[in-house]
Amino acid sequence: MRVSLEQAIAELKNGGVVAIPTETVYGLAADATNDSALKKVFEIKQRPADHPLIVHIGDMNQVSDWATTFPEVAIKLAEAFWPGPLTLVLPAQPHVSRVVRGDEPTVALRVPNHPVALALLKQGNLSVAAPSANLFTQLSPTTAAHVEAGLGESIPVLDGGPCNVGIESTIVSVSANGQWQLLRPGMISEEEIAKVATTHHQAPSLASAVANQIVPKVPGQHALHYSPRTPLMLFKDRLSLIQESKALQAMGLSFAIMLIGDSDNVELNCQTINLPNSPDKVAELLYSSLHDLDTMKVDRLLVELPPVLPEWLAVLDRLSRAGYR
Ligand code: TXA
Ligand code: MG
């Protein structure tokens, strides 16, 4: 059910749940100070209660309402990247709901860079907790139609058009002494974070972890996340993808493929999505392409992985959670 901005604000103030657009993915929002509203989010998503939620605020001045400290490093990151696809995990004020924190001593905060989301937060004088508006372990939605297909027509949806970043925010935790750590890769890269933060990098580089084919885990994040319903196979090179497609054909199984970059000389006689060789563009179109592939009702999805390079890290991370090799 599509709702207007005014209806969405009224619904949220009334303890209801509304799917809202952000620049990354659609979020399933509830008033972050209302425990019974927050519990509805967990119920609708079928999300385990120990998975904390991101609180979306309208302005970085509101950080002190939620966090006990706003270390210099975190201030620099907020000034550089907010509004935008960066979530900061900071020590939580004691009053912050345990439902939001998932019993962690920290709270995750972000100012989204989407005009409709900012209007909702500012006009409504609201802070909303919002995980991605999909069932737990399913693909994240980047359009209002994806939300309705995943959660049903009865969910109120504020339509703000397709999301232009397309994958979830980069998550960085900053401790009271200013040490920081990347918890989830996103389109703001670890290198960009390090340039602004300049000091106290706590963990080994995530880039080297992915390069070694180790998929790092955010606390409370499952390896198989963001998956389409159709079994999805990932390929590091096009030759092995083509070999597999021939093997599937020989077994009489149907398949669809997603390629990144130039598709000349590829004649596979199946439904194909061809994405351009650009990390920003692939991120923007990734979930909608996987949603589209999923509706083709084939036996297998075959996806070509981008190269293991820093600029592809976030896309590699999401794809590696969606499929198997
Ligand atoms: O781009 C995004 O971040 C989207 C849009 C809607 O803002 N939201 C999103 O929410 O991706 P969700 O719930 O799908 O992912 C939230 C992530 C989880 O992996 C959770 O573990 C982490 O944030 N998180 C939240 N609070 C945390 C905390 N206090 N400490 C560590 N991780 C936290
Ligand atoms: Mg999610």
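In this predicted model, the side chain of Thr106 places an N or O atom 2.9 Å from a nitrogen atom of ligand 1. For Arg184, an N or O atom of the side chain lies 2.9 Å from an oxygen atom of ligand 1, and for Arg110 the corresponding distance to an oxygen atom of ligand 1 is 3.1 Å. Considered alone, ligand 1 exposes 670 Å², and the protein buries 97% of that area.

The surroundings of the ligand may be described next. The shell around ligand 1 consists of 24 residues, and the closest are Thr24, His56, Thr106, Ser169 and Arg184. Three strands each supply at least two residues of this shell: S3 (54–56), S5 (106–110) and S8 (180–184). Strand S5 provides the largest share, with 4 residues. By residue class, the shell around ligand 1 divides into 13 nonpolar, 7 polar and 4 charged residues.

Attention now turns to the charged pairs of the protein itself. Asp317 is situated in helix H12. Its side chain meets that of Arg318 in a salt bridge, with an N to O distance of 2.7 Å. The pair also qualifies as a polar contact, since a distance of 2.7 Å joins the side chains of Asp317 and Arg318 and the cut-off for such a contact is 3.5 Å.

Asp317 has a further partner in Arg321, and the closest N and O atoms of that salt bridge are 3.2 Å apart. Arg321 and Asp317 are 4 residues apart in helix H12 (residues 313–322), and therefore about one helical turn separates them. Salt bridges with shared partners join Glu168, Asp317, Arg318 and Arg321 into one network.

The accessibility of these residues can be stated in the same terms. With a relative accessible area of 2%, Arg321 is buried, because buried means under 20%. Asp317 likewise counts as buried at 2% relative accessibility. Arg318 is buried, as is Asp317.

The side chains of Lys281 and Glu284 form a salt bridge with an N to O distance of 3.2 Å. Both residues belong to helix H11 (residues 279–294), where they are 3 residues apart, or about one turn of the helix. Lys281 has a relative accessibility of 35% and so counts as partly exposed. Glu284, with a relative accessible area of 23%, is also partly exposed, because its value falls between the 20% limit for buried residues and the 50% limit for exposed ones.

The description ends with the segment after H12, in which Gly323 is located. Gly323 has a relative accessible area of 12% and is therefore buried. In sequence, Gly323 and Pro228 are 95 residues apart, whereas their C-alpha atoms are separated by 8.4 Å in space.

Terms used: Residues numbered from 1 in each chain as written. Chains lettered and ligands numbered in written order. Predicted model: local features only at pLDDT ≥ 70, side-chain atom pairs only at ≥ 80, totals over all residues. Heavy atoms only, no water. Salt bridge = Lys/Arg side-chain N within 4 Å of Asp/Glu carboxyl O. Buried < 20%, exposed > 50% of the residue type's maximum accessible area, 1.4 Å probe, protein only. Near = heavy atom within 4 Å. Polar contact = N/O pair within 3.5 Å; in protein donor to acceptor, adjacent residues only side chain to side chain. Areas by Shrake-Rupley, 256 points an atom, 1.4 Å probe, with all protein chains shown as cover. Nonpolar A, V, L, I, M, F, W, Y, C, P; charged D, E, K, R; others polar.
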